[in-house]
Amino acid sequence: MRTGRTGAGVRGHGEGTPATGGQGPLGAAELGREPGERASLVQFSTAFCQPCRATRRILAEVAEMVDGVEHIEIDAERNLELVRALGIEKTPTVLVLDAAGRVVRRAAGLPRKADVIAALGAAV
């Protein structure tokens with residue numbers, strides 16, 4: 001998943017530092033609801049973030065297209081402890097979680113729909 005505006009790209013986390021900042025897999029307790037059976041698209045947003053609105057639409061569309069995938073949006077301002085634990089620095093930030101709740105892809109900025117679909121391939 002690449003970002004459309006910032007070029008920050010995707011940081012894969014198969015080696016080196018875990019994407020969760022040393023934290024284990026993410027589940028319902030951290031996400032505020034049950035994750036998807038196959039994968040989850042976790043979006044960190046803030047109230048006045050314009051790209052967050054477009055990201056919400058893209059992720060919801062992709063989640064509807066793929067069985068067992070959930071879109072979970074988290075208010076970054078109300079969940080500062082989780083934001084800090086995961087090293088979220090800007091909104092929107094999207095984490096792609098596999099069925100076990102491990103972060104397999106991460107991107108900041110407005111994603112392209114095709115990139116989200118491709119990133120899901122690493123999770124399912």
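Author: A disulfide is a pair of cysteine sulfur atoms within 2.5 Å. This model is predicted.

Reader: What makes Cys49 and Cys52 a disulfide?

Author: Their sulfur atoms lie 2.3 Å apart. The cut-off is 2.5 Å, so the pair qualifies. A search of the whole structure finds one disulfide.

Reader: Which hand does the link of Cys49 and Cys52 have?

Author: Right-handed, with 85° about the S-S bond.

Reader: Why is Cys49 called buried?

Author: Its relative accessibility is 8%. Buried means under 20%, so Cys49 counts as buried.

Reader: And why does Cys52 count as buried?

Author: Cys52 has 0% relative accessibility. That is also under 20%, so the label holds.

Reader: How do you know that the span of helix α2 agrees with its 16 residues?

Author: Helix α2 covers residues 50–65. At 1.5 Å a residue, it should span 22 Å. Its end C-alpha atoms are 24 Å apart, which agrees.

Reader: What are the buried residues of α2?

Author: They are Pro51, Cys52, Ala54, Thr55, Ile58, Leu59, Val62 and Ala63.

Reader: What covers the buried residues of α2?

Author: The cover includes β1 (39–45), β2 (69–75), β3 (93–98) and α4 (113–120).

Reader: Where does pLDDT stay under 50?

Author: Over residues 2–20. Where pLDDT is low, the predicted coordinates should not be read in detail. The chain averages a pLDDT of 86, and 81% of the residues score at least 70.

Terms used:
Residues are numbered from 1 along each chain as its sequence is written. This is a predicted model: local features need pLDDT of at least 70, side-chain atom pairs count only at pLDDT 80 or more; totals for chains, interfaces and linings use all residues. Side-chain values use heavy atoms; hydrogens and water are left out. pLDDT is the predictor's confidence in each residue, from 0 to 100. Contact means heavy atoms within 4.5 Å. Buried means under 20% relative accessible area, exposed over 50%, partly exposed in between (1.4 Å probe, protein chains only). Helices (H or I, at least four residues) and strands (E, at least two) are DSSP runs, numbered from the N terminus. The expected span of a helix is 1.5 Å times one less than its number of residues.
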